[in-house]
Amino acid sequence: MIVGVGIDVAEIDRFAEALERTPQLADRLFLERELYLPSGERRGVASLAARFAAKEAVAKALGAPPGLHWTDAEVYVEESGRPRLRVCGTVAARAAELGVRHWHVSLSHDAGVASAVVIAEG
């Protein structure tokens, strides 16, 4: 049973400008391990914008309740390259209230736009 679906887009240049304008923003939005590739290299802005869109999509899939913390939803990639979602804290609590048991995540970026779709399944 689908509990909720969220979709979001982020303009990559605009997101990059926000990160430049507010250096602490990345730390408020992402866990440190989300900022880096497995190689240790810093993740590119298009990839970060897609992850931000995924976090927005998570909130939408949960009904956009107030009080969710950005870092309580972590986007990570399996060895296969498949994006996955790990939740804790405020996001996990809301998901439990709604009966969410599984998450499905799709990320994309092209032509200056990053996008994400999140499906919360019960």
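## The sheet

In this predicted model, three strands form an open sheet in the order β1-β5-β4, and their pairing is antiparallel. Strands are DSSP runs of E of at least two residues, helices are runs of H or I of at least four residues, and both are numbered from the N terminus. Two strands pair if DSSP finds at least two bridges between them. β1 (2-11) and β4 are the edge strands, each with a single partner, so one side of each has no neighbour in the sheet. On average, and with direction ignored, neighbouring strands are turned by 10 degrees against each other; axes are lines fitted to C-alpha atoms, for helices over the stretch in contact, and angles run from 0 to 180 degrees between N-to-C directions.

β1 and β5 run antiparallel and are joined by nine bridges, with Val 9 opposite Ser 115 in β5. β4 and β5 are likewise antiparallel and joined by nine bridges. Here His 102 has Glu 121 of β5 as its bridge partner, and His 104 is paired with Ile 119 of β5.

## Basis of the values

Residues are numbered from 1 along each chain as its sequence is written, and side-chain values use heavy atoms, with hydrogens and water left out. Because the model is predicted, local features need pLDDT of at least 70 and side-chain atom pairs count only at pLDDT 80 or more, while totals for chains, interfaces and linings use all residues.

The covered face of β5 holds Ala 114, Ala 116, Val 118 and Ala 120, whereas Val 113, Ser 115, Val 117, Ile 119 and Glu 121 belong to the uncovered face. Helix α1 (residues 12-21) lies across β1, β4 and β5 and runs at about 80 degrees to β1.

The hairpin of β4 and β5 has two residues between the strands. Ala 111, in the loop between these strands, has a positive phi of about 55 degrees although it is not a glycine. Most residues other than glycine have a negative phi. Ala 111 is exposed, with 75% relative accessibility; exposed means over 50% relative accessible area, buried under 20%, and partly exposed in between (1.4 Å probe, protein chains only).

α3 has 17 residues, and its first and last C-alpha atoms are 24 Å apart, close to the expected 24 Å. The expected span is 1.5 Å times one less than the number of residues. Of the 17 residues of α3, 14 are buried, so the helix is largely enclosed by the rest of the structure.

The axes of α1 and α3 come within 9 Å and cross at roughly 95 degrees. The two helices are therefore roughly perpendicular to each other, a class that covers 65 to 115 degrees; angles under 35 degrees count as roughly parallel, over 145 as roughly antiparallel, and the rest as oblique. From α1, Ile 12, Phe 15, Ala 16 and Leu 19 meet Val 45, Ala 46, Leu 48, Ala 49 and Phe 52 of α3, where contact means heavy atoms within 4.5 Å.

## Nonpolar cores

A nonpolar core is a set of buried Ala, Val, Leu, Ile, Met, Phe, Trp, Tyr and Cys residues joined through side-chain atoms within 4.5 Å. The largest has 17 residues, of which Val 58, Leu 62, Leu 85, Val 100, Trp 103 and Val 118 touch the most other members. Two or more residues each come from α3 (45-61), β2 (73-77), α4 (89-98), β4 (102-110) and β5 (113-121). The greatest contribution is that of α3, with five residues.

Leaving aside neighbours within four places in sequence, Val 58 contacts Leu 85, Val 91, Trp 103 and Val 118. Apart from this core lies another, of 16 residues, including Ala 18, Ala 46, Ala 50 and Phe 52.

## Loops on either side of α3

Arg 42 is located in the loop between α2 (25-29) and α3. Arg 42 is partly exposed, at 41% relative accessible area. Not counting residues up to four places away in sequence, Arg 42 touches Ala 26, Leu 35, Tyr 36 and Leu 37. The C-alpha atoms of Arg 42 and Arg 21 are separated by 18 Å, with the two residues 21 apart along the chain.

Just after α3, Gly 63 adopts a positive phi of about 90 degrees. Ala 64 has a positive phi of about 50 degrees although it is not a glycine. Ala 64 lies in the loop between α3 and β2 and is exposed, with a relative accessible area of 52%.
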